[in-house]
Amino acid sequence: MKTSIAVVGVIILLIGAGLLVYGTYYPSPAATTTTTTTTPSSVAIVPASSRTVDAGGLWSFGINLQKGETVSGTASIQGYNSSAGPVFFYIQNESTFIYWGGCAPCALPSGGYTGLENYTLPSSGTYSFTWTAPYSGAFYLAFDNENYNQKANANLQVTGSFPATTSTMVSSPPSSTTPNNNLVYAGAIVMVLGIIVVALGAMMKSGKPPAKVEPQPGVPTTNPASPPKR
Amino acid sequence: MSYSRLRGITRSITILLVVVIIIVAGVAGIAFTGALNHSSSTSSTTTTTSTQSLQDVTMGFAGVPDVTDTPGFMLWQNFANQLGLNIHVQYYDGDTTVADAVVAGNVQIGEGGFQAVLAADETQGNSSGSYPFVVFGSYEASNDFGLLVSNSIKNFSDLAGKPVAISSVGSTSYIFCQLLEQNNGLSASQINCAPTGGTPSRYTALLNGKVVGDITEPFYMVAAVESGGYHILATVPSVVPNLLFSTLYTSRTYMTAHPDVVLKLEEATLLADRWAHNESVWVQKEQEEFPGTNATIAGAAWKIWMAMNIWAPNGGLSTSNLNYSTNFYLGIHKVSYYLAPSYWSTLSVQSQGLQSLGNYTACPVLVGCPDSSIPSLNFSIPGVSSAILPGGTLALNPSVTGWDSTSFWRSVA
């Protein structure tokens, strides 16, 4: 009896071990968590550019921006002579750009320059700016020298960047798997049970009846189950 | 309990414990190894920064865009990207400044009147046939200017001595003011092309009665006609229908180094021109860019542009119109000598673009795909088929025969 219980315990232990191993090596398809972090990166969205703009002339750059994209840069006129008249620097959307340029047809865009920029270069001739696109679309950075009565050595440097973002994507690609923890835990529990049963079996007294002892002459028969008769 | 029995029990327990320990240790080792093998697939963290996989190219446009530039916007904002290009656009004062930028290497591709790059070639080239700049595509295949006059002017004779608004002396509007009036019988002393400023200023001057005519483009023509007091006396395409308006060009060095970029840019241009042949999408874009303008007037102007083939969906370059245009600008002294187009232009890029895109067949080229919900307007315009505007006159190429550009320029000068 004792041996049988121990053997049962070992069998339970082996079953638990089998479950644990199976759960480890034949896991179920599992979700894959992908975390993508976009770090703020400054990208030159206008190649470093300089040129001599004629008196009364213009020079503009077109860029495509996404909503929330920030552009930073410097617009400057080298050797700026404020007595020759102001130089304006704009950040415009397409409608205002066309309107400013003397469009055909012309209709003042509703909202005018709302959310856009209209700078007058300071006496230093250099203006540094940081501006965030209020919506996605084409925008135009424009030097307006129409009131500047001499040639202007203009320079523009602009970088663009998005704020840092982190996105987490959980997907279950069929090729991706992970250990089946339920099976592993169940196997471990069954193994513990098996160990307990083995221990119980090993520690309990044997249930086997003692071997029958033939009475010997001169030796009183002893029967542990019943007291000796007097 | 006897000693031997106790020893037997102890031995059994020991054996069982050893078995259990071996099993547990084995399983634990196997499980640990498995866990290690799987740990890398449970989660991954990737840090990315935005990258640019498109080919960068810089491009200069002549002048701040107007309504005829809607395909130009589509070119650099949409179709170029679809073809793998990232166009960095710059807008310059005009044809000459763009050509200067190409010559200086500030931009790689130029858009503008080809006479400027032809002049640059003639200046910087040499007699051995090495000319550094080459026209490879058309941007606007025809000049869309016309002469808009008040109804008091019935014919060209009525214009004698009366002011017609132009931008400035020497400008394109000045050239065509001279051309249209001289070509219709007015002498130099009778021609009065009055510098008035940009397109809106000229239009305002006409409405205010300061001038009796205005060299302008179709949207203003239609708007004025619809107001009831004006009509169109002539258009440039009706007089010089083979005159190219604006082209795409680059340096021969860049074209040799980046033939793929040049080809993609030509293809993007063709796609943009084809896009413009759908009145519905064109008017929608026009309304976005010019909010508040009249869609019916825009649609009528679109029909005129279709008839003029300003946005040529199968390309606007041909040997004949390159030669014609060269002679025209030679005649008006915008270039100094005749240089055969083979030295400064190529048709191969346009041909390759058409080969890869196929010919445009979606709609008739000179009609486009009209939007039936946008009404047609009933007035006549020289150079525009009556199929486009009910009541219009079919007057393409009526008076170019016998036109002598040399004598024209002598009279202007």
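1. The model under review is a predicted one. In chain B, the assignment gives two domains: domain 1 is made of residues 55-142 + 242-365, and domain 2 of residues 146-216. Taken over C-alpha atoms, the centres of domain 1 and domain 2 of chain B are separated by 28 Å.

2. Chain A contains 3 helices and 10 strands. Read from the N terminus, the order of these elements is α-β-β-β-β-β-α-β-β-β-β-β-α. The chain has 230 residues, of which 30% count as buried. Among the contacts in chain A with a separation of 6 or more, 89% are made by residues 24 or more positions apart.

3. Helix α11 of chain B, residues 279-289, deserves attention for its buried residues, which are E279(B), W282(B), V283(B), E286(B) and E289(B). These residues lie on the same side of α11(B), because they cover an arc of only 125° around the axis. Against which elements do the buried residues of α11(B) pack? Their partners are α2 (94-100) of chain A and, in chain B, α2 (70-82) and α12 (295-308).

4. The largest nonpolar core holds 140 residues, and V117(B) and V164(B) are the members that touch the most others. Helix α12(B) supplies the largest share of this core, with 10 residues. Leaving aside residues up to four places away in sequence, V117(B) touches A99(B), V102(B), G110(B), F133(B), V135(B) and Y249(B). There is also a second, separate core of 6 residues, which includes L13(A), M191(A), I195(A) and V198(A).

5. The last point concerns a pair of helices. Two packed helices are described by the angle between their axes and the distance between the axes. Helix α10 (residues 259-275) and helix α14 (residues 348-357), both of chain B, pack at an angle of about 65°, and their axes are 9 Å apart. Is the crossing of α10(B) and α14(B) left-handed or right-handed? The crossing of these two helices is right-handed. On the side of α10(B), the contact is made by V262(B), L263(B), E266(B), E267(B) and L270(B). On the side of α14(B), V349(B), Q350(B), Q352(B), G353(B), S356(B) and L357(B) take part.

Technical notes
Residues are numbered from 1 along each chain as its sequence is written. Chains are lettered from A and ligands numbered from 1 in the order in which they are written. This is a predicted model: local features need pLDDT of at least 70, side-chain atom pairs count only at pLDDT 80 or more; totals for chains, interfaces and linings use all residues. Domain bounds come from an automatic or database domain assignment. A residue is buried if 20 or more other C-beta atoms lie within 10 Å of its own, exposed if 12 or fewer, and partly exposed in between; C-beta atoms are placed from the backbone. Helices (H or I, at least four residues) and strands (E, at least two) are DSSP runs, numbered from the N terminus. The arc is that of the directions from the helix axis to the C-beta atoms. Two residues are in contact if their C-beta atoms, placed from the backbone, lie within 7 Å. A nonpolar core is a set of buried Ala, Val, Leu, Ile, Met, Phe, Trp, Tyr and Cys residues joined through C-beta atoms within 7 Å. Axes are lines fitted to C-alpha atoms, for helices over the stretch in contact, and angles run from 0 to 180 degrees between N-to-C directions. A crossing is left-handed if the near helix is turned anticlockwise from the far one by less than a right angle, and right-handed if clockwise.
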